[in-house]
Amino acid sequence: MTYYPGRQQRFDLQVHFQGTWHSSGSEYFPLGSNGRSAVSLGAPGESGIRARMRSVYVNGSSGDTVNSTTYGAWKYLYFSN
């Protein structure tokens, strides 16, 4: 995501369960000057979890109104032992 002073990215996380994607929530994180945010995911002792995440810029809610709302592509993860 392009850096802009005060900008935050919305992080969306979903987990796959019983054949359907379920939202695990969304949270805003400050955007660094390199256009990235560091987010740590963990599920200690768990395996077999299918998850997906994406970054979202929401006009007005991400700290500025410079761009139109933009959804990043889903990135898929599989937690295993």
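This report walks through the fold, the charged pairs, the aromatic pairs and one surface patch of a predicted model.

## Overall build

The chain has zero helices and five strands. Read from the N terminus, the order of elements is β-β-β-β-β. Along the principal axes, the C-alpha atoms fill a box of roughly 40 × 25 × 15 Å.

The chain counts 81 residues, and 23% of them are buried. Contacts reach across the sequence. Of the contacts with a separation of 6 or more, 54% are between residues 24 or more positions apart.

## Salt bridges

How many salt bridges does the structure hold? There are three.

| Arg 7 | Asp 64 | 2.8 Å |

Start with the bridge between Asp 64 and Arg 7. This pair links distant parts of the chain, 57 residues apart. Asp 64 sits in the loop between strand 3 and strand 4 (70–71), while Arg 7 belongs to the segment before strand 1. Both Asp 64 and Arg 7 are buried.

Arg 10 and Asp 12 are both buried. Why does Asp 12 count as buried? Its relative accessibility is 5%, and buried means under 20%. Through shared partners, the salt bridges join Arg 10, Asp 12 and Arg 54 into one network.

## Around Arg 54

Arg 54 is placed in strand 3. Which residues does Arg 54 touch, not counting those up to four places away in sequence? They are Arg 10, Phe 11, Asp 12, Tyr 71, Gly 72, Ala 73 and Trp 74. Ala 38 is 16 residues from Arg 54 along the chain, and the two C-alpha atoms are separated by 13 Å.

## Aromatic pairs and a charge over a ring

The structure holds two aromatic pairs. One is formed by Phe 11 and Phe 29, edge-to-face, with 6.2 Å from centre to centre and 80 degrees between the planes. Phe 11 lies in strand 1 (residues 8–17) and Phe 29 in strand 2, so this pair ties together parts that are 18 residues apart in sequence. Phe 11 and Phe 29 are both buried.

Trp 21 and Tyr 76 also pair. Their ring centres are 5.7 Å apart and their planes stand at 65 degrees, so this pair is edge-to-face. The pair links distant parts of the chain: Trp 21 belongs to strand 2 and Tyr 76 to strand 5 (residues 75–79), 55 residues apart. Is Trp 21 buried or partly exposed? With 25% relative accessibility, Trp 21 counts as partly exposed.

Leaving aside neighbours within four places in sequence, Tyr 76 is in contact with Trp 21, Ala 51 and Arg 52. Tyr 76 and Met 53 are 23 residues apart in sequence, and their C-alpha atoms are 6.6 Å apart in space.

Arg 52 lies over the face of Trp 74, at 4.3 Å from the ring centre.

## A nonpolar surface patch

Which residues make the nonpolar surface patch of about 190 Å²? Val 39, Leu 41 and Leu 77 do. Leu 41 is placed in the loop between strand 2 (20–30) and strand 3 (49–57). Leu 41 has 32% relative accessibility, so it counts as partly exposed.

Terms used:
Residues numbered from 1 in each chain as written. Predicted model: local features only at pLDDT ≥ 70, side-chain atom pairs only at ≥ 80, totals over all residues. Heavy atoms only, no water. Patch = residues over 30% accessible without salt bridge, like charges linked within 9 Å, V, L, I, M, F, W, Y side chains within 5 Å. Areas by Shrake-Rupley, 256 points an atom, 1.4 Å probe, with all protein chains shown as cover. Salt bridge = Lys/Arg side-chain N within 4 Å of Asp/Glu carboxyl O. Helix = DSSP H or I, 4+ residues; strand = E, 2+ residues; numbered from the N terminus. Buried < 20%, exposed > 50% of the residue type's maximum accessible area, 1.4 Å probe, protein only. Contact = heavy atoms within 4.5 Å. Phe/Tyr/Trp six-rings, centres within 6.5 Å; stacked < 30°, edge-to-face > 60°. Lys NZ or Arg CZ within 6 Å of the ring centre and 35° of its normal.
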